[in-house]
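Here's a quick briefing to read alongside the structure. Have a look at the picture, then work through the topics below.

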Amino acid sequence: MKKYLSIFNISFQQEFAYRINFIMWRVRNVLQIFLVFFLWDAVFKDPGRVVFGYNREGILTYVLGLIIVKSFVFSSKSMDVAGEISRGELSNYLVKPVSYFKYWITRDLSSKSLNLSFAFFETLFLFLILKPSFFIQTDPILLIFFLLSLILAFSLFSLLLFIVSAITFWMPEAGWGAHFLISIISVEFMSGALFPLDILPHFLQRIVNYTPFPYMVFFPMQVYLGKILDSAAVKGILISGLWILVLYFIMTLVWRKGLKVYEAYGR
Amino acid sequence: MKLMADKLVNQLSVVRHWLGKLLRSLKLPQPQKLKVSFVLSFCKRLFYYFRIWILMSKNSFMTVLSRKKILFLFLLGKILRFSFFTAFIYFLVLGAKGLSGYTKEQVVFFFLTFSLIDILSQFLFREVYRFRSLVVTGDLDLVLTKPVSTLFRVLMGGADVIDFITIPPLLFAVCYVGNLFQPSYLQIFLYILLFFDGFLVALAFHIAVLALGILTLEIDHSIMIYRDLVALGKLPIDIYREPLRGILTFIFPVAIMVSLPAKALMGLVSLQGVFLSLTSAVLTFFVSLRFWNFALKKYTSASS
């Protein structure tokens, strides 16, 4: 446990070594929210309007909530795993008395804690300059479900990153391409990170719901907004848990096979 | 009559002054006198640069084409991103029955125009994304000593084949959706004119990012911030509140770059607007050139 605490500390300090990089990255997050915010602001100009089952307060809470949820779920360092495999740097960790997965999860947690603290200030800043109507959930049960769904979302995304990174065992140059296609494009659109998925036609929603993506952003936000209650929330959490088991099984299988073909190129 | 002629001569001398500055930065012969020999040598120089560009692009294309799996992954990713966003806009505007007074076809056309300018600038200026390593390692020295404009080399040195593949279908989509508005010849002309005007703004932004790269050694985030800012033009600029709308029109002219061409095709732009847009695009371009020249003088050739 002590060594992982040290990894957490070192990783946290590393983020401060490249301060401008980090600040620019956060500025980008805020800029991306502007597009979505003003888009919905234009749709809901009339405060009494209800579209896709959302009122103005609900949709603007969804948009601002994205900053917090995305910074917790998607802030991650594990995307670098693909590069480490292709450059043969994975060997350094295989000979050390640390679990490679725990090492990266610790680094992810460090990145998430830093991003999350900045996200709170950014949300506050946007709240002050945009003055949106905001919904605050007060039901303690729903808040517990929301926190639980966030932890599950974080696990889902981490497992997905490890599975995608493992592609590099067989295609050393395809790591970034695979992440671009799956971890960035597919996740951004199918998780609800850009828009709430219920604006899509029913048949598309049904297709997306058969994937683990909606449980990364859309489901936690729906729980927070109180659009998914009691048994439906429990059902959603159970499905998230099931997806975690499935992805964990795939990840262990892929990594076991991958390590057998790993030849430490470049070392 | 004489007064008008004098005015015209004055204006022409201003244009010649600026043209001279532009040519100096491109290391092209200066227009001492607008003679046939000058025009010929200008064309010869342009052809020389065109041949270099073809050569560099061929090399860049061959590098990417040799890794077909990666090409496939990125191409698929770009197509998916484009399709997802188009579907999102379509279903949103369909469900909301319009957006700030625009129909779903109009909103999709705004997005298509944005995509075309964005893809075209990425196709031509992809080398900007690789500029940082040249500055950090000091390898920019090798570019500076070559008998080619440094700006040309670091801006257009590596055309992107993935973007090149996506241009024809996108162009078809722009023509198809644009045709739905049944535009007049004047509207089509203004669209093309403002499209190139917008492209000039995109060029200016890329030059500014390069200049910032020399001064701050930071490119990756600057270019991504530029892209995030420009992405605000995916939708009609009218949806934004003041002061953001003013910033996107006058400080970072994203409105000129993306929204105005689309509006021109829909017949929603006045001739004054066209004139203002052309003026500010040319101004932005020259400011970025001056910024580049300023930054280049600060290059220290560290670590070379």
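What does the accessible surface of chain B come to, and what percentage of it belongs to carbon and sulfur atoms? It comes to about 15700 Å², of which 71% belongs to carbon and sulfur atoms (areas come from the Shrake-Rupley method with a 1.4 Å probe, and for residues only the protein chains shown count as cover). Keep in mind that this is a predicted model, where local features need pLDDT of at least 70 and side-chain atom pairs count only at pLDDT 80 or more, while totals for chains, interfaces and linings use all residues. Residues are numbered from 1 along each chain as its sequence is written, chains are lettered from A and ligands numbered from 1 in the order in which they are written, and side-chain values use heavy atoms, with hydrogens and water left out.

**Chain B overall**

- Chain B has 13 helices and 0 strands (DSSP runs numbered from the N terminus: H or I of at least four residues for helices, E of at least two for strands).
- Of its 304 residues, 50% count as buried (under 20% relative accessible area with a 1.4 Å probe, protein chains only).
- Take the contacts in chain B between residues at least 6 apart in sequence: 78% of them join residues at least 24 apart (contact means heavy atoms within 4.5 Å).

- The 32 residues of α9(B) should span 46 Å at 1.5 Å a residue, and the end C-alpha atoms are 46 Å apart, which agrees (the expected span is 1.5 Å times one less than the number of residues).
- B:P183 sits in the loop between α8 (161-179) and α9 of chain B.
- B:P183 counts as buried because its relative accessibility is 18%.
- Leaving out residues up to four places away in sequence, B:P183 touches B:G178, B:I188 and B:L265.
- B:P183 and B:A264 are 81 residues apart along the chain, yet their C-alpha atoms are separated by 9.3 Å.

**The second largest pocket**

- This pocket has a volume of about 800 Å³ (a pocket is an open set of points on a 1 Å grid over the protein atoms alone, where a 1.4 Å probe fits, with protein on both sides within 12 Å along at least five of seven lines; the volume is the space filled by probe spheres set on the points).
- Its lining has 37 residues, and the closest to the centre are B:T249, B:F250, B:I251, B:F252 and B:P253 (lining residues have an atom within 4 Å of a point).
- α13(B) gives the most to that lining, with 9 residues.
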